[in-house]
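Here are a few notes to go with the structure you asked me to look over.

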Amino acid sequence: MLVDASRKLLRAREIDEISLADVADEAGIPKSSAYHFFSHVLEVYEAAASDMEAELQADLDGLSVADCGDWRQAVTRFVSRGAAFFNANRDAMQLLIGPKSPSAIKLKDRQNDFAIAGQLKDKISGNFELPELADTPEIFFRAIEIADLFFGLSVIRHGRITDAFNDEAGRATCAYLSLYLPVVLPRVRRA
């Protein structure tokens, strides 16, 4: 109830304008009752961030890249799907990639980015034969962080992820991954 209320407020107001009292008021419960569950609004945000991260992962899981001509097209589609998720969910945009997000939330979201990096790797390796890489999880994690950087810059400058910044995020992510992946990867052979 409090987490849902915080998300509703994050869709309408700036993150640094919301207090635990505001969340309690939005949820229709006394402030003293809110303190029974959370000692600070940051704790509510942590719970909300966990929900948002799961929603983002579920959204990315539903993405198909089977018709992509090469791995770069798959990466670009994956990055674009992430941008679309954030643009459609202002609460997640503010909390996970926004400039005013508390550092504790951003740090926790880095762990989520490892999971998302695994999803990207799985999308590519499900369709293309990846070469053996010394530190595959870290390489794909850094690729996701690059996309997040461009998303965050766009949010700072424009309040959303613009098409131009989405395109730059895709290009920068592909450019980084091309340090490790050859331009042409053979397709996975289906049995």
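1. Let's begin with two helices. Helix 5 (residues 71-88) packs against helix 6 (residues 90-97) at an angle of about 110 degrees, and their axes are 5 Å apart. Keep in mind that this is a predicted model. An angle of 65 to 115 degrees counts as roughly perpendicular, so that is how helix 5 and helix 6 sit relative to each other.

2. Now for who does the touching. Helix 5 brings Phe85, Phe86, Asn87 and Ala88 to the contact, while helix 6 brings Arg90, Ala92, Met93, Leu96 and Ile97. Sorted by class, the contact of helix 5 with helix 6 has 7 nonpolar residues, 1 polar and 1 charged.

3. On to the cysteines. How many disulfides are there? The count comes to 0. A disulfide is a covalent bond between the sulfur atoms of two cysteines. For Cys68, the nearest cysteine sulfur is that of Cys174, 10 Å away. The cut-off is within 2.5 Å, so the sulfur of Cys174, 10 Å from that of Cys68, is too far for a bond.

4. Are these cysteines buried or exposed? Cys68 is buried, with a relative accessible area of 0%. Cys174 counts as buried too, at 9% relative accessibility.

5. Last, have a look at Asn127, in the loop between helix 7 (103-125) and helix 8 (136-158). Asn127 is buried, because its relative accessible area is 9%. Leaving aside residues up to four places away in sequence, Asn127 touches Val65, Ala66, Pro186, Arg187, Val188 and Arg190.

Key. Residues numbered from 1 in each chain as written. Predicted model: local features only at pLDDT ≥ 70, side-chain atom pairs only at ≥ 80, totals over all residues. Heavy atoms only, no water. Axes fitted to C-alpha atoms, helices over the stretch in contact; angles between N-to-C directions. Helix = DSSP H or I, 4+ residues; strand = E, 2+ residues; numbered from the N terminus. Parallel < 35°, antiparallel > 145°, perpendicular 65-115°, else oblique. Contact = heavy atoms within 4.5 Å. Nonpolar A, V, L, I, M, F, W, Y, C, P; charged D, E, K, R; others polar. Buried < 20%, exposed > 50% of the residue type's maximum accessible area, 1.4 Å probe, protein only.
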